[in-house]
Structure formats: structure tokens, C-alpha cells
Amino acid sequence: KTGARSNGHLQILPEDEYARFEPHLELVRLNKGETLFNPGEVPTFVYYPVDAIVSMMNDMADGYSVETYMLGRASMVGLSNQGNPSFYRAQVRSTGWAYRLALQTLMAVKPLCPTYVKNNMDTQRRVMVKFHHALACAKHHSVEQQLIRWILTTMDLSGSHMIATTHQELSELLGFRREGITLALGKLTSTGCILINRGEILAIDRDCLEERCCDCYWYSLEKERPSRVPLRQHG
């Protein structure tokens, strides 16, 4: 199970701490659309994605759901819910592999693993930084810019240039009308940034996407926009 080191949370652990986790890690396949746990539930497992992506979904009373955050190979699913009821629905957005660990085991092992505990705290801080910039982006920037930020973030988490999604799914995840998503995707296609096939987006020119994205993407990475990537004005 050395493949578990592909997850950022487990990759940085010293050997003595990793040895406490390794015998209990179970490699599982996460399938798109699968719900790992619901709001109000105390998760019995935490997950360390390898190439799967899991969405934190906010389900509202009117039946509308919005993605508030994406969890991938640099993250742990269940970080904020350890022993507490979840405030979100964890839904698999991109099929892939993850390592699963029983919460009971994690709670027993964690006090013996100071590096792991520190990494959890650092990750929670990074999550808050990304939440902060995502909220500002949602209030200030165009559909196209928010879509680009979402595409770049998805590529970072999955390590792939191919994103399996539909216009309708993007509309529901990002909280925009489908017509707005279709228009924004059309612009990105016409500029040569992406190609659209049935049920998937292929990012063929990352530099093009980076030129057109807002600074919120770079801020969420806690980086300044590289000088080679000027902000292209949108018409």
C-alpha cells in the first residue's frame, strides 16, 4: 500500500508515523455521484484521495445544491468532521482511488503522530484561505473567470487535462444558469483554451486559461500571479 504516499496528507509523514497508519489503510474505488456521508452524519471513515475528487456540497431547503469546495490528493475527506456531525454532503465528483481509514483508528493513532496533527492544522488554514478567495470571486468576477478558476483547480487536484462533466453539472456545481455556462465554455473553446466533447472538457492550453483567470486562483494557492501570466481583459 505504498501508493497511499500519493496523498499529500500521508506523503509528508515520517516513517514511524506512517507505519502507524499503513496497516489500517484500505484502497477503495470511489465512483462519480457516490455520497460518502451526509450533513448531520458522523462519518465512520475518513478518506485520503489519490486521484479521485470529492465535492463538499451545500444542500439547501429548496432542493438546490452548490459545490463549496473540492477535495483531492492534497486533502483528506472528513478533516473537519472527526467525531462531529458533518455540515456538508461529501459527493464523489471524479471517479478514482482513495485510501479509507476507520475514524476510530484515526482517533487512536493521531495523538501519537505530531507531524500528522500539524499537517491537519496547516490544511485547515489553507482551506480557510481558499474559502475566503472563493467567496470574493463569487461576488465580484464573471462566470467565465469563475469557470476558469474551477477548471484550473480541478486539473491541479486530478493531475489530468480531461474533466468529465456536463454543462448541466457545471451549472449545478457553480450555481449559474446553464445558458451562462454554455456561453462561457463557448468563449473558451473559440480562444483555443479548451475542447468540448460529449460529457467532458479537455484543457488543451493551460497557459491560455492562466492568462484569462482572475487573481483569485493565484491567491488561493498563496502565490502571486507570475509575471509571465498577464491578466487578459475580458470583453
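Student: Is Cys213 buried or exposed in this structure?

Tutor: The model is a predicted one. In it, Cys213 is buried, with a relative accessible area of 0%. Cys113 is likewise buried, and its relative accessible area is 0%. Cys213 takes part in no disulfide; the nearest cysteine sulfur belongs to Cys214 and lies 6.1 Å away.

Student: How many disulfides does the structure hold, and which residues form a disulfide?

Tutor: In general, a disulfide is a covalent bond between the sulfur atoms of two cysteines. The structure holds one disulfide. Cys193 and Cys208 form it, with their sulfur atoms 1.8 Å apart. The pair links distant parts of the chain, 15 residues apart: Cys193 is in the loop between α7 (178-190) and β9 (194-197), while Cys208 belongs to helix α8 (residues 206-212). The angle about the S-S bond is -55 degrees, and the link of Cys193 and Cys208 is left-handed. Both Cys193 and Cys208 are buried.

Student: How should I read a helix, and what is the case for α5?

Tutor: An α-helix has 3.6 residues a turn, so residues three or four places apart point the same way. Helix α5 (residues 143-158) has 16 residues. From its first C-alpha to its last, α5 reaches 22 Å, close to the 22 Å expected at 1.5 Å a residue. The helix is mostly covered, as 14 of the 16 residues of α5 are buried. After α5 comes Gly159, whose phi is positive, near 75 degrees.

Student: How many aromatic pairs are there?

Tutor: A pair of aromatic rings is described by the distance of the centres and the angle of the planes. The count here is four aromatic pairs. One of the pairs is that of Phe21 and Tyr116: the ring centres are 4.8 Å apart and the planes stand at 35 degrees, so the pair is tilted. Phe21 lies in helix α2 (residues 15-21) and Tyr116 in helix α4 (residues 114-140), so this pair ties together parts that are 95 residues apart in sequence. Both Phe21 and Tyr116 are buried.

Student: What kind of pair do Phe87 and Tyr88 form?

Tutor: Phe87 and Tyr88 form an edge-to-face pair, at 5.0 Å centre to centre and with 70 degrees between the planes. Phe87 counts as exposed, at 56% relative accessibility, whereas Tyr88 counts as buried, at 3%. Together with Phe37, Phe87 and Tyr88 form one aromatic cluster.

Terms used. Residues are numbered from 1 along each chain as its sequence is written. This is a predicted model: local features need pLDDT of at least 70, side-chain atom pairs count only at pLDDT 80 or more; totals for chains, interfaces and linings use all residues. Side-chain values use heavy atoms; hydrogens and water are left out. A disulfide is a pair of cysteine sulfur atoms within 2.5 Å. Helices (H or I, at least four residues) and strands (E, at least two) are DSSP runs, numbered from the N terminus. Buried means under 20% relative accessible area, exposed over 50%, partly exposed in between (1.4 Å probe, protein chains only). The expected span of a helix is 1.5 Å times one less than its number of residues. Rings of Phe, Tyr and Trp (its six-membered ring) pair if their centres lie within 6.5 Å; planes under 30 degrees apart count as stacked, over 60 as edge-to-face and the rest as tilted.
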